[in-house]
Amino acid sequence: MGDFAFGRAVLAGFDLLRRRPLATLGLAAVGAVATFAGRVTAVISSHYTVAAFTQSESLLAASTATTLIAVLVFLLVMAVMAAAVVRGGRIRVGGDEVRLFLLSLVVFLALAIVLLAVGVGGAVTAVGGLRGTSEDIVMFTALALGVIVAIVLASRLSLAGPLTVQDGRLRFMASWRLTRSRRWKVLGVFLVTLLIAGLIGGLGSFLLATAIPALGLDNALTYDPSLAVALTGLVRPVVLGHLLSQGLLVGLAVLIPFASATYICRSLVGDPVADQVAVFD
């Protein structure tokens, strides 16, 4: 079985941008669909939040529903972009995207792991009667352990996307086995690319949001008793420009880890057939 270069794996996304800048930026711009959907759900959530302000159950239901829709749209956009990266930048919607969308639902498993860890920490503090600093330490430790376990599992399954597109079927365990002998190296690449993606998507979006009011522009949400009128506020040029720019940043943040995973997968699997047995189900 082959190996991969750590540096090339980390910089695979930037290499893709260097070789095919227009195609890569065009693909990243697909992220605007997710940011626009997030803004639409935010307007809808704000509308129903005000309408149901005195009804806690309705308020919770509206907030949960709109957040879930925004997350699912983001995962669907991410699946389309990931499949395109594996195919060398070609966008299409078909079976690969559906399978990657189903694969992306594993994110809820990672969230469940973190919530379980926090729940265990809460149970420990309740049973032990801990308060103050001791309670904070236990809860922080539980949260940290949950996040660490979720990240390690995500790194071991990070090659499932490229393998799924290549083979035309879900490849959870194939990724697990393929990364077994290089788990720490894969984890290292995963962490570095996650940090880079966070800086581009998170810090970039923050700087963008800070720059808009500094330029004297207004892209704030507008409330109106009529939901239709409130939604028309999204088509203002400054709002559309902000969403497109933010979507581009988010798209680049999504592309970077997927490009790295695709490079690693091709490096490991692109050997003689005899060496590929480890990734077969």
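Leu72 lies in helix α5. Helices here are DSSP runs (H or I, at least four residues), as strands are (E, at least two), numbered from the N terminus.

A quick word on what you are looking at. This is a predicted model, where local features need pLDDT of at least 70 and side-chain atom pairs count only at pLDDT 80 or more, while totals for chains, interfaces and linings use all residues. Residues are numbered from 1 along each chain as its sequence is written, and side-chain values use heavy atoms, with hydrogens and water left out.

Now, which surface feature does Leu72 belong to? Leu72 is part of a nonpolar surface patch of about 790 Å², together with Leu68, Val98, Leu102, Leu105, Val107, Phe108, Leu111, Leu115 and Leu170. Two or more residues each come from α5 (56-86), α6 (95-104) and α7 (106-128). Helix α7 gives the largest share, four residues. As for the rules, patches take residues with over 30% relative accessible area and no salt bridge, joining like charges within 9 Å and nonpolar side chains (Val, Leu, Ile, Met, Phe, Trp, Tyr) within 5 Å. The accessible areas come from the Shrake-Rupley method with a 1.4 Å probe, and for residues only the protein chains shown count as cover.

Let's stay with α7 and bring in a partner. Two packed helices are described by the angle between their axes and the distance between the axes. For α7 and helix α8 (residues 133-156), the axes come within 8 Å and cross at roughly 155°. That makes the two helices roughly antiparallel. Axes are lines fitted to C-alpha atoms, for helices over the stretch in contact, with angles from 0 to 180 degrees between N-to-C directions. Angles under 35 degrees count as roughly parallel, over 145 as roughly antiparallel, 65 to 115 as roughly perpendicular, and the rest as oblique.

In α8 you can find Val147, which is partly exposed at a relative accessible area of 34%. The C-alpha atoms of Val147 and Val114 are separated by 5.8 Å, and the two residues are 33 apart along the chain.

Next, the charged side chains. How many salt bridges does the structure hold? There are six, each being a side-chain nitrogen of Lys or Arg within 4 Å of a carboxyl oxygen of Asp or Glu.

One of them pairs Asp3 with Arg182, with the closest N and O atoms 3.2 Å apart. Asp3 sits in the segment before α1 (6-10) and Arg182 in the loop between α10 (172-178) and α11 (183-214), so this pair ties together parts that are 179 residues apart in sequence. Asp3 is partly exposed at 47% relative accessibility, whereas Arg182 is buried at 14%.

Another salt bridge joins Arg18 and Asp15, where the closest N and O atoms are 2.5 Å apart. Both are in helix α2 (residues 12-19), and being three residues apart, they are separated by about one helical turn. Arg18 is exposed at 59%, while Asp15 is partly exposed at 24%.

Finally, Asp167 and Arg171 meet in a salt bridge of 2.8 Å, N to O. Asp167 is partly exposed at 38% relative accessibility, and Arg171 is buried at 1%. Elsewhere, salt bridges that share partners join Asp3, Arg182 and Lys185 into one network.

Conventions:
Buried means under 20% relative accessible area, exposed over 50%, partly exposed in between (1.4 Å probe, protein chains only).
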